[in-house]
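Work through the exercises below with the model open. Try each task before you read its solution.

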Amino acid sequence: MHAQQKKQSATTQQSMKNNPFLRKSPLQYQAPEFDKIKDDHYKPAFDYGLKEQLANIDKIINNPAAPTFENTVLALENSGEVLARATILFYNLTGSNTNDYLQKVDEEYAPIFAAHSDKINLNEKLYKRIKAVKTDKLDAESKRLVEYYIQNFELAGANLSAENKEKLKVINQQLATLSTQFSNKLLEARKKGAVLISDVKELDGLSADELAAAATDAEQAGQKGKYLLSLQNTTQQPLLQNLKNRDTREKLFRASWTRAEKGDANDTRETIEKIAKLRLQKAKLFGKKNFAEWSLQDQMAKTPEAAMGLLAQLAKPAVETANREAKEIQEVIDAQKGGFSVQAWDWNFYSEQVRKAKYDLDENEIKPYFEVTTVLEKGVFYAAEKFYGITFKERKDLPVYHPDVVAYEVFDRDGKSLALYYLDFYTRSNKNGGAWMNNFVPQSHLLGQKPVIVNVFNYQKPAAGKPSLISFDEVGTMFHEFGHTLHGLFANQKYVSISGTNTPRDFVEFPSQINEHFALEPEILKNYALHYQTKQPMPQALIDKIKKAANFNQGYATTELVAAATLDMNWHTVTDEKQLIPVLDFEKQALDKYGLLVPQVPPRYHTPYFAHIWGGGYSAGYYAYLWSETLDSDAWEWIKANGGLTRENGDRFRKYILSVGNSVDLNKAFEEFTGHKADIKPLLRSRGFSK
């Protein structure tokens, strides 16, 4: 070995010796050692973890002993510890605090990880051993784990011919690369799509704090003295409701709408067309008509027809309501002698005026009562204490991955420590849009692991010394994401694979959506809606206005959501590649077909930046939000009819819904909680479409 090679080898060995991923973290509950983890630790940990897991798999398939639960299924469940530890943190970081190096690593390893999964899931010997495991004497959760693995292997292609397995491997690697490329392009498109304003007069209507934040963003982008309006991941942008200048509104809306279709390096359309074609090819390998038919087999909906059936029941009343809302908005515009027809970029600005006129409610009147930390501690945490008996204590001693991140320890109803919980509130140019929950450490009795969870948001960071005030919609987002956190906190399984939020997509949003209801409960709202300056609670008259306006703009909100879900399902129910016409034409045809081509009400996500389905895990699954909301509305009606926010109801919800993970039949779990099968009528009532 040459001296240079020896030096490199010694450096690699030293790097591996100090690599935090090669051992369990010594911090409480194996909390990540963010103060020790460096970007260059990931690749060596990935390489080591990939080899280690494949060595574990070889031991399983070459074991001369007859297949048992312990020597096959449990051994598989426990394989890949280092790889799991490294990838969990890597993907949270690439979503919330990425950089050029991490993005390159992501693109490099996406096909490698896809190939690795295929090496396991398409391993015929391993599949046969799992199928041969006798389950008659296993406990219910262990039996469910065997079923889970068999289903996963078959969905992954274990039953395919040798020739089709090889084709599938190539497709999976290509899809992994394209999905990562889409995410990286979109992050850059969102960053470059921000609107730069030179003249402050064009921003008339924005608050002093919003202007200060825009000035700070511009300065950080090297444009001192100007104002930068950053884009959020949705079509509509929060600032549109306050901007008085119609040209500025249109400029901001169009920047949002066209961010990823400019014909530049960040245009996602070609990538999307490739992904859609490959997904169809993948489905055909499995003998399915389309990708959705393959994808929904392990979901509650089971079939694309069932998912589209739900969307169809909502589309007609939603569009009818949106049209009535548009008429009310047009009346305001005409009364002000605007001289134009309402467009998408006008909707939020004028609907805010309609709301003010109808309910005497102004978003700017509400915001001072919603300071981020107060909403969290006196709202979200207070509701969880009332309903579930859990409490929280801030932990400033735990290392974090960014100075904005805060951490808490969670204590159970008996006072015993239950989990650790991190929050990352503010938007950054290197953070994906939206909000989400992840496990840093998943719960498992088998591994002796308690949950370590993070919620990531994209609230506008205030200028230094200013309060962080959020809208009531953003309050709802905080309660929503904490619902996912509760699902993770109360996980009570032996096995990681079926623990906590590892459930079908169309169930996983149920706990998060039901938690949103707590935001408007009188006892909870009074506790957290405190004026940031006076600390006085929100006046009852203002609370009454919020409640009366709860169903305001539901036609718009439901139509944009149903339109996005319908787009997703149309992209994934294509049965012939000839149907995959250019992206923008495809979108227009799909929306028109279902009566959802309403220019004033664009889809919540336009196809070129629909990250849930092209870069995330919701392909053929965006309907899940509405499917879960059907469960949520029904269950909430049950709670309200049976005593409301009592500890008894909280314990019951925890027992039947939040603590079961994917260890039971989830349709039965819902029926055990409510005493009946899910019904769409409560959802129609909750959105104001029926009585």
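Predicted model: local features only at pLDDT ≥ 70, side-chain atom pairs only at ≥ 80, totals over all residues.

Residues are numbered from 1 along each chain as its sequence is written, and side-chain values use heavy atoms, with hydrogens and water left out.

**Exercise 1. Classify the ring pair Phe381 and Phe482.**

Step 1. Recall the rule: rings of Phe, Tyr and Trp (its six-membered ring) pair if their centres lie within 6.5 Å. Planes under 30 degrees apart count as stacked, over 60 as edge-to-face and the rest as tilted.

Step 2. A search of the whole structure finds 54 aromatic pairs.

Step 3. Phe381 is in helix α16 (residues 372-388) and Phe482 in helix α17 (residues 472-489). They are 101 residues apart, so the pair links distant parts of the chain. Helices (H or I, at least four residues) and strands (E, at least two) are DSSP runs, numbered from the N terminus.

Step 4. Check burial. Buried means under 20% relative accessible area, exposed over 50%, partly exposed in between (1.4 Å probe, protein chains only). Phe381 has 4%, so this residue is buried. Phe482 has 1%, so this one is buried too.

**Exercise 2. Decide why Phe457 and Tyr459 count as stacked.**

Step 1. The ring centres of Phe457 and Tyr459 are 5.1 Å apart.

Step 2. Their planes meet at 15 degrees, so the pair is stacked.

Step 3. Phe457 is buried at 0% relative accessibility. Tyr459 is buried at 3%.

**Exercise 3. Find which ring lies under the charged end of Arg246.**

Step 1. The test: NZ of Lys or CZ of Arg is within 6 Å of the ring centre and within 35 degrees of the ring normal.

Step 2. The charged end of Arg246 sits over the ring of Phe340, 3.7 Å from its centre.

Step 3. Another case is Arg259, whose charged end sits over the ring of Tyr609, 4.1 Å from the centre.

**Exercise 4. Describe the lining of the second largest pocket.**

Step 1. Define it. On a 1 Å grid over the protein atoms alone, a pocket is an open set of points where a 1.4 Å probe fits, with protein on both sides within 12 Å along at least five of seven lines; lining residues have an atom within 4 Å of a point.

Step 2. This pocket has 21 lining residues. Asp217, Gln220, Ser230, Arg428 and Ser429 lie nearest its centre.

Step 3. Two or more lining residues come from each of α8 (162-192) and α9 (208-220). The largest share, four residues, belongs to α9.

**Exercise 5. Why does the span of helix α21 agree with expectation?**

Step 1. The expected span is 1.5 Å times one less than the number of residues.

Step 2. Helix α21 (residues 554-571) has 18 residues, so it should span 26 Å. Its end C-alpha atoms are 26 Å apart, which agrees.

Step 3. Of those 18 residues, 17 are buried.
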